[in-house]
Amino acid sequence: MTSVVPDPGLVARLRAAGCVFAEEEAALLEAAPVPPQEREAMVVRRVAGEPLELILGWAEFCGLRIRVAPGVFVPRQRSALMVELACRTTERGAARRVLDLGCGTGALGAAVAARVPNVEIWATDIDPAAAECARLNLPPERVLLGDLYGPLPRDLAFDVIVANAPYVPSSEIGNMPPEARDHEHHVALDGGTDGLDVQRRVIEQAPKHLAPGGVLVIEAGQEQAPVTAALMREQGLVAEIHHDEELYATVVTGTAR
């Protein structure tokens, strides 16, 4: 990620604070183009438990630097599987239309746009902070504030809908790592009693917004995936479960007939 050789003392401070990737984080902090006093303040914030991405102002995702903001869901590396599956569809033709639903930072849409020429990205999020952040990473005029499909123009059909909807059961929020639990808005984490409340709404409404042959791409927990697939089949979608052991990722796709 960077050629900077980290200071052993900084690595030790970060490791003592519980940072698993202390060497990599130290190198990134030392590479930040800021004065020494400001860098020390950044280190203090990290040692106190603030997410590194918020301190740096960006997160690396699919080879891109995605702008992040306080409270907004930080893109996870496992979501690269969603991008891969979305691109398989969009690469079959030119000028495709993709919706990043519940977009957070807009990382998924930005990653697809970086890989597929002439793709038209739209995005929505119910969290004003997320929509504002996504406008830094996507064409701002097509990032809309509102609940799921609600703010979209009528009769707009999508070839791909990517939806990293919250899927953590409410009772498990307290067990999440503090970087997420304490620093990301719970609207981006809380999936209700069984974790699938938002997914159900995404899937129920998807057929009205998919073009013929269009694909819905949803991240899920491995144990939830069969339920997510069954929900897709109930809506007439051809469902398939995908696993990536290296990314520790599970994604369910549903193709419109």
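1. In what sense do S8 and S9 pair, and over how many bridges? The two strands pair in the antiparallel sense, over eight bridges. Two strands count as paired if DSSP finds at least two bridges between them. Helices (H or I, at least four residues) and strands (E, at least two) are DSSP runs, numbered from the N terminus.

2. On the basis of the note: this is a predicted model, in which local features need pLDDT of at least 70 and side-chain atom pairs count only at pLDDT 80 or more, whereas totals for chains, interfaces and linings use all residues. Residues are numbered from 1 along each chain as its sequence is written, and side-chain values use heavy atoms, with hydrogens and water left out.

3. The sheet is open and has seven strands in the order S5-S4-S3-S6-S7-S9-S8, with mixed pairing. At its edges stand strand S5 (143-145) and strand S8 (237-244); each has a single partner strand, so one side of each lacks a neighbour in the sheet. From one strand to the next, the twist averages 20 degrees. Axes here are lines fitted to C-alpha atoms, for helices over the stretch in contact, and angles between N-to-C directions run from 0 to 180 degrees.

4. Strand S9 is mostly covered, with seven of its eight residues buried. Buried means under 20% relative accessible area, exposed over 50%, and partly exposed in between (1.4 Å probe, protein chains only).

5. S9 (residues 249-256) is also joined to S7 by five bridges, and these two strands run antiparallel. Valine 217 stands opposite threonine 253 of S9, while isoleucine 218 has valine 252 as its bridge partner there. Glycine 213 is another residue of strand S7 (residues 210-219). Glycine 213 is partly exposed, with a relative accessible area of 37%. Neighbours within four places in sequence aside, glycine 213 is in contact (heavy atoms within 4.5 Å) with Thr255, Ala256 and Arg257.

6. Helix H9 (residues 197-205) lies across S3, S6 and S7, running at about 170 degrees to S7.

7. The largest nonpolar core has 29 residues, and those with the most contacts inside it are Phe61, Val83, Val112, Val162 and Val217. Such a core is a set of buried Ala, Val, Leu, Ile, Met, Phe, Trp, Tyr and Cys residues joined through side-chain atoms within 4.5 Å. At least two residues of this core are supplied by each of H5, H6, S4, helix H7 (128-134), S6, S7 and S9. The largest share, six residues, comes from H5. Valine 112 touches Val83, Ala86, Cys87, Thr90, Val98, Val119 and Ile121, not counting residues up to four places away in sequence. A second, separate core of 28 residues includes Leu144, Leu156, Ile203 and Ala206.

8. Alanine 80 belongs to helix H5 (residues 80-90). Apart from neighbours within four places in sequence, alanine 80 is in contact with Phe61, Cys62 and Leu247.

9. Helix H3 (residues 36-47) has twelve residues and reaches 16 Å from its first C-alpha to its last, close to the 16 Å expected at 1.5 Å a residue. That expected span is 1.5 Å times one less than the number of residues. The buried residues of H3 are Arg39, Met42, Val43 and Arg46. Seen down the axis of H3, these residues fall within an arc of 100 degrees, so they line one face of the helix; the arc is that of the directions from the helix axis to the C-beta atoms. They pack against helix H1 (8-16), helix H2 (22-31), helix H4 (52-56) and helix H8 (178-181). Just after H3, glycine 49 takes a positive phi of about 110 degrees.
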